[in-house]
Amino acid sequence: MNRDEMLTRVRNRKEPWDIVVIGGGATGAGVAVDAASRGYDVLLLEREDFGKGTSSRATKLVHGGVRYLEQGNVSLVMEALKERGILLRNAPHIVKDLKFIVPNYSWWEAPFYGIGMKIYDFLAGKYSFGSSKVLSLEETLALLPTIRQDGLRGGVMYHDGQFDDTRLLINLMTTAAEHGATLLNYAGVVELKKDEAGFVQGVVAIDSENGERFEIAARSVVNATGIFTDETRRLAEPGVQPMMVPSQGIHLIFDHSFLTGDTALMVPQTDDGRVLFAVPWHGRTLVGTTDTPIPSVSYEPLPFEEEIDFVLETAGRYLTHKPTREDILSVFVGIRPLVKAAGASDGKTSSLSRDYTIHIDHSGLLTIVGGKWTTYRHMAEDSVDHATTLGRLEEKPCVTATLHIHGYHQHPEEFGVLSVYGTDALAILELAKENPDLLRPLHPDLPYIAAEVVWSARNEMSRTLDDALARRTRALLLNARAAVEIAPAVASLLAKELGKDATWVDEQVKSFKAMAAQYIPQGTKYPASPASS
């Protein structure tokens with residue numbers, strides 16, 4: 001993907017695009033892949049970087065949603081389990097099987113959760129990742145040696161999926177581009193164009209890098225802006241009623257010693273009604289998440305003090321080494337764009353469905369909101385089906401159920417720390433051969449080499465230090481202090497690739513350090529949650 005080439009395509013386009021997608025997160029990327037692979041002319045526009053919002057801040061799980069069984073939402077669980085299996089088949093370089101254990105401290109937990117997980121297995125059908133199993137005390141400790149042993153009776157093991165969210169997102173964007181889609185980050189939609197009858201017939205976008213303004217005609221426009229759904233809808237109809245309810249969840253990153261091995265811990269019931277996961281991820285331990293209603297949204301949401309205390313306290317009940325604030329390597333926050341429930345009045349977002357909704361406004365703007373990473377492909381298929389009807393496009397069948405995602409490789413483990421790149425790992429290594437300096441690790445506490453930064457600038461439209469350290473690599477999430485330390489060197493690498501000067505490097509480093517400070521909780525005082533203030 002080359003941004004200059006993408007800009008040239010937009011400038012030279014004379015005919016209306018079949019589908020214009022607003023939003024470069026999981027849903028928007030899915031729509032672009034689906035539509036482009038069917039043969040439609042597609043343009044995707046993202047105001048910031050791809051995945052800057054919610055889609056880079058997930059719990060890193062591709063799962064059916066065990067807790068949705070308790071809510072009785074069997075159809076959502078079955079859909080997610082099917083999509084989980086399809087995603088593993090189409091992107092084995094990014095998605096992998098992960099064992100989870102529900103620890104048992106009471107006599108009734110083994111039969112209760114054991115039966116629940118067998119139902120989970122049954123619903124997965126042919127898309128199963130593996131059979132669940134009731135474990136003895138010894139078997140549980142062998143897989144989770146750092147779990148609290150006082151009162152432990154055993155556990156229930158089941159299988160789900162794990163992934164790197166923005167690596168998948170970038171590979172989806174590349175897949176869309178390979179099928180002819182045009183994609184632009186840092187190109188925000190500021191206006192929706194209408195015809196005489198008041199129906200949306202295009203957009204006006206501004207390239208934030210050079211201020212260039214584009215008037216873009218489209219046969220169908222899809223709003224896939226997630227937490228900014230209602231903001232986009234108001235561009236067409238200022239008085240629309242909100243349909244999205246935001247809820248935030250935090251994740252804490254610790255070093256590997258808190259959860260040795262390759263098995264995850266799942267706590268099925270916490271004080272706030274959610275499950276809590278402790279998951280091995282990129283050589284670290286990821287713990288989360290919370291579910292806190294919030295009044296407004298932003299690209300860089302802050303955790304609340306109560307959330308950090310809650311995750312630390314809950315994790316401390318189950319781990320032999322109780323984590324403290326000083327142990328946190330990074331804290332990151334994601335905002336869920338939940339669909340507003342009719343008549344909901346208890347103020348709790350944990351009870352709102354994680355299913356998605358497609359809504360068509362009076363202006364003909366198609367909005368898709370809700371859902372989760374696991375079901376992105378099915379959401380996209382549904383959206384494109386509707387968009388083709390709205391745009392009076394020739395009907396073409398969806399092919400994404402069997403479409404390999406860019407980088408597809410059945411044995412990515414042979415690439416070591418570059419495994420998430422799949423076949424691109426070979427190209428990155430070739431790049432490093434041209435310049436051996438690019439083989440050097442960026443930091444001793446991070447699993448990245450300099451060649452990855454150069455690759456991201458040349459092939460993945462990485463434009464800023466934030467892009468490179470938060471989303472093309474995950475340095476900021478894995479160890480915020482280490483990411484700050486390498487910021488000057490990485491900015492210099494980017495500047496050379498993008499043709500920027502020393503002033504740009506200084507501005508990037510200053511901006512990144514200011515933003516990264518909120519990922520480092522030591523010495524940082526976060527706000528109180530709305531409920532407590």
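Helices here are DSSP runs of H or I with at least four residues, numbered from the N terminus. A cavity, on a 1 Å grid over the protein atoms alone, is a set of points where a 1.4 Å probe fits but cannot get out, and its lining residues have an atom within 4 Å of a point. The model is predicted, with local features needing pLDDT of at least 70 and side-chain atom pairs counting only at pLDDT 80 or more, while totals for chains, interfaces and linings use all residues. Residues are numbered from 1 along each chain as its sequence is written, and side-chain values use heavy atoms, leaving out hydrogens and water.

So what does the search turn up? Four cavities come in at 30 Å³ or more, a volume being the space filled by probe spheres set on the points, which are joined across faces, edges and corners. The largest cavity holds about 100 Å³. Its lining runs to 14 residues, with N90, Y376, R377, T400 and I405 the closest to the centre.

Next comes the second largest cavity, at about 50 Å³. Around it sit S56, R57, E300, A470, R471, R474, L476, L477 and Y519. Two or more of these lining residues come from each of α13 (465-472) and α14 (475-478).

Methods:
On a 1 Å grid over the protein atoms alone, a cavity is a set of points where a 1.4 Å probe fits but cannot get out, and a pocket is an open set with protein on both sides within 12 Å along at least five of seven lines; lining residues have an atom within 4 Å of a point.
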